[in-house]
Amino acid sequence: MPKNLVIVESPAKAKTIQKYLGSDFEVKSSFGHIRDLPKKGMGIDLSNFTPDYEVSADKKKLVAELKASVKKADMVWLASDEDREGEAIAWHLADELKLKPENRKRIVFHEITKNAILKAIDNPRDIDQNLVNAQQARRVLDRIVGFEMSPVLWKKVKTGLSAGRVQSVAVRLVVEREKEIREFTPKPSFKLEGIFLNNAQQEILAKLKKDFEKESDAENFLNLAKTTDFKVLNVETKPGTRTASAPFTTSTLQQEASSRLGYNVTSTMRLAQRLYEEGFITYMRTDSVNLSQEAINGAKAQIISEYGENYSKPRNYTTKSSSAQEAHEAIRPTDFALKSIDDAQLNKLYQLIYRRTLASQMENAKIEKTVIEIGNAKLPQHFEAQGEVIIFDGFLKAYGIVKTEDEDDESNEKLLPKVSVGEALDYKKITATEKFTRPSARFTEAGLVKKLEELGIGRPSTYAPTIQTIQNREYVDKRELEPQTREIVKMTLGKSGVKKEVLQEKFGGDKNKFIPTDIGEVVNDFLTNNFAEILDYGFTAKVEESFDHIASGDQKWKEMMTDFYSKFHPRIEDVEENADRANGERILGVDPKSGKNVHARIGRFGPMIQIGEQDDEEKPIFASLMAHQNIATITLEDALEVFRLPFDLKEVDGQPVAVGVGRFGPYVKWGETYISIPKGEDPLSVDQNRAEEIINEKKVADAPIASYKGEPVTKGTGRFGPFIKYQSIFINVPKRYNFDNLSQSDINELIDAKLEKEANRYIQHWEAEKISIENARWGPIVKHGKNIHKIPKKKDDTKYEADELKDVSLDEVKKWITAQDPKAFAEKKKPAAKKPAAKKAATAKKAPAKKPAAKK
């Protein structure tokens, strides 16, 4: 029996560590926190801020198993992660498992390698209570803010909403950026570019150094240039360097994985967690760019081996952030000799980390920048051509060129032909194109992380969950914005003179960027108006600093909480009592038909348009906004158009046709079939011809592709990917099949496997009662409707075998269900009969029908 029990927080980590320790050690996982604040109720004594921790129901069995293992061990090693969250996990384990100081040791490591684990075992310490208190302070403060602010939102805005200290500030950033974009007025100017030819007829692309504000000025310049003899006024060559970026922190990894790999923040952290737990990289939650001497030496050896000694330049970096913990390391590979790993998905992120770390220890790239000035003394402005040549690639050999999303698409990295000062040049053409200034870009996930980090809001462990939360709460989303069109003027000077043309330019479109939802904007405006201090960027950063002071032992956490709550709670009471309700309401104008006001506002079911007032004798009529519409920007004309939905068209094949908008977006309804209108297409633009096209496309898609035992088989793509349908059974098609070219044998194989699985699914099935005993992944279960229930043990405390379950009566199964859900068979109360309406308004119109979920 092992004398040592090691407890980590993840099973993958446990598996990796077990490989490095001998038979005297048993490694078990706590699967994260074993206890936390209760899910119901605040769980905090507000008189002294003492948390009431409890072991969650799903962890009770695990805790019992850990307690049993503790009794058999002489020493318990708490090996959770080295950050505050990990320290708190260790503290909860020690407390709940009743570990005495003499029988427990706390070990930490920055990487899961054999050397690091054995070194940690040789250098144990006790639990750092300051780190635990910093985690408790964050957890308690955020619970209080959420539990006290959210009910105010329910009362003043809409039920079911939530507020949070960091999430609300993140939403504020997105909302303020959107308002800035709306208020932005584009200013036009004319940018000039010329293509010039030297004696060897080589082209030189050059830009005019100054833009013209007026079209007439640009045109005058072109007319002047028509008779100008151009020449090279100056040639300047400057040496330059490019320096490698520091190794990755959590934030910079998230940003680079987004721009280079297209990963969102959550995916990046999930993959990085796996890389860490499997021993490939160091700990992935860090704000330090520091590297250990061991890592610097390892990188140096690999660089010299792979690229040569002239590429090596060992260096260490220091973190600008005062809160960064320099004892920690940047994210780096644990073994530089390992250039790639087998798992394709993990390898993409590993390669990014590997190359970035290697590049940080390599020589600067040496470049030569050439600038050619082109013009004539009689011209008011001159042209400039720029080019770059890489003389020595240095770190670029490993990492390549990094571009930010703010950089211009046009690169200076082009080779210019050799010219000399005074050399005559001939213009091939010169163009003056009208360009408009652009507002600040909307935030990408990576951009929002960068901004939060710049403001000192949140820490490495909070970025991903914060960004996930504001999307889950539907305060922001990434819906695609269709571009608008505007006219621009383009003038081209060629050998035949100046040609002027008016072109169409698309602008304002966006995708995969954060846009606030209507409810997000309303909530943000209410919170910033009534809780200005809580949503203040400086205040939020100051709170983070307080957590850092608690972690270093310079501040007591309950004193910090007392100071915070003494100011926070009175504000809650004042807002609850005195603040006005908020629904983002805008009066758009007057309905020309009824003469009533048209309102845009948040209603019970989300953003909507209302014609008329609540207290009018004739009830107001309502319509939901479409996905691309917004309370803050919708016009009266567009609002009135919404009331056209749903509308009927002529029958097709004897079936009625209608166009509407439902829960899953705009649709054409043909008989009882709902067909989604393609993304980006306005449902109001769908006429009879277009509706018939959509219906015919559906017919083709639903046409049988084969048959099975004489019955047709169709195929389609649903919520869970590609599928085939046989009778009423939907069968997912795995990636190993060629979905576009399924053979008859493929179809037979898929359907046979599904039917066999379905045949083995039920042990007993009472269809009329919607009750069944089924084989599930982890053993038999009882299913009642959509609810799943456990099968209790027999009277002798043994489990039922599958054969025994075949003989269990329906009454017995009902008893099992009732024991777990006393209301399972309770009769549902019938709704009270409504009083008949006095008189139905002639103009009343039902809200658009909701599109039902696709069956699968």
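Reader: Does W816 count as buried or exposed?

Author: The model is a predicted one, and its computed relative accessibility for W816 is 6%. A residue is called buried when this value is under 20%. W816 therefore counts as buried.

Reader: What kind of pair do the rings of F723 and F730 form?

Author: The structure holds 21 aromatic pairs. In the pair of F723 and F730, the ring centres lie 5.1 Å apart and the planes stand at 65 degrees. Planes over 60 degrees apart count as edge-to-face, so the pair of F723 and F730 is edge-to-face.

Reader: What kind of pair do the rings of Y800 and W816 form?

Author: Their centres are 5.4 Å apart, with the planes at 55 degrees. Planes under 30 degrees apart count as stacked and those over 60 as edge-to-face, while the rest are tilted. The pair of Y800 and W816 is therefore tilted.

Reader: How many residues apart are Y800 and W816?

Author: Y800 lies in the loop between β34 (787–789) and α21 (802–805), whereas W816 belongs to helix α22 (residues 810–820). The pair thus links distant parts of the chain, and the separation is 16 residues.

Reader: Which charged residue sits over the ring of Y800?

Author: Y800 is partly exposed, with a relative accessible area of 23%. A charged end sits over its ring, 6.0 Å from the centre. That charged end belongs to K794.

Reader: How far apart are the closest N and O atoms of R125 and E87?

Author: Side chains of opposite charge can pair when their charged atoms come close. The structure holds 54 salt bridges, and R125 forms one with E87. The closest N and O atoms of R125 and E87 are separated by 2.8 Å.

Reader: How many residues apart in sequence are the parts that R125 and E87 tie together?

Author: R125 is located in the loop between α4 (114–122) and α5, and E87 in helix α3. R125 is partly exposed at 31% relative accessible area, whereas E87 is buried at 0%. Because the two residues lie in these separate elements, their pair ties together parts whose separation in sequence is 38 residues.

Reader: By about how many helical turns are R690 and E693 separated?

Author: The side chains of R690 and E693 meet in a salt bridge of 3.0 Å, N to O. Both residues belong to helix α19 (residues 688–702), where they are three residues apart. Their separation is therefore about one helical turn.

Reader: Which residues that line the second largest pocket are the closest to its centre?

Author: The second largest pocket has a volume of about 1600 Å³. Its lining consists of 47 residues. The closest to the centre are E85, R138, R139, T462 and P465.

Reader: Which element supplies the largest share of the lining of the second largest pocket?

Author: Elements that each supply at least two lining residues include α3 (84–96), α5 (129–156) and α6 (165–183). By class, the lining has ten nonpolar, 20 polar and 17 charged residues. The largest share, nine residues, comes from α5.

Notes. Residues are numbered from 1 along each chain as its sequence is written. This is a predicted model: local features need pLDDT of at least 70, side-chain atom pairs count only at pLDDT 80 or more; totals for chains, interfaces and linings use all residues. Side-chain values use heavy atoms; hydrogens and water are left out. Rings of Phe, Tyr and Trp (its six-membered ring) pair if their centres lie within 6.5 Å; planes under 30 degrees apart count as stacked, over 60 as edge-to-face and the rest as tilted. Helices (H or I, at least four residues) and strands (E, at least two) are DSSP runs, numbered from the N terminus. Buried means under 20% relative accessible area, exposed over 50%, partly exposed in between (1.4 Å probe, protein chains only). A charge sits over a ring if NZ of Lys or CZ of Arg is within 6 Å of the ring centre and within 35 degrees of the ring normal. On a 1 Å grid over the protein atoms alone, a cavity is a set of points where a 1.4 Å probe fits but cannot get out, and a pocket is an open set with protein on both sides within 12 Å along at least five of seven lines; lining residues have an atom within 4 Å of a point. Grid points are joined across faces, edges and corners, and a volume is the space filled by probe spheres set on the points. Ala, Val, Leu, Ile, Met, Phe, Trp, Tyr, Cys and Pro count as nonpolar, Asp, Glu, Lys and Arg as charged, and the others, Gly among them, as polar. A salt bridge is a side-chain nitrogen of Lys or Arg within 4 Å of a carboxyl oxygen of Asp or Glu.
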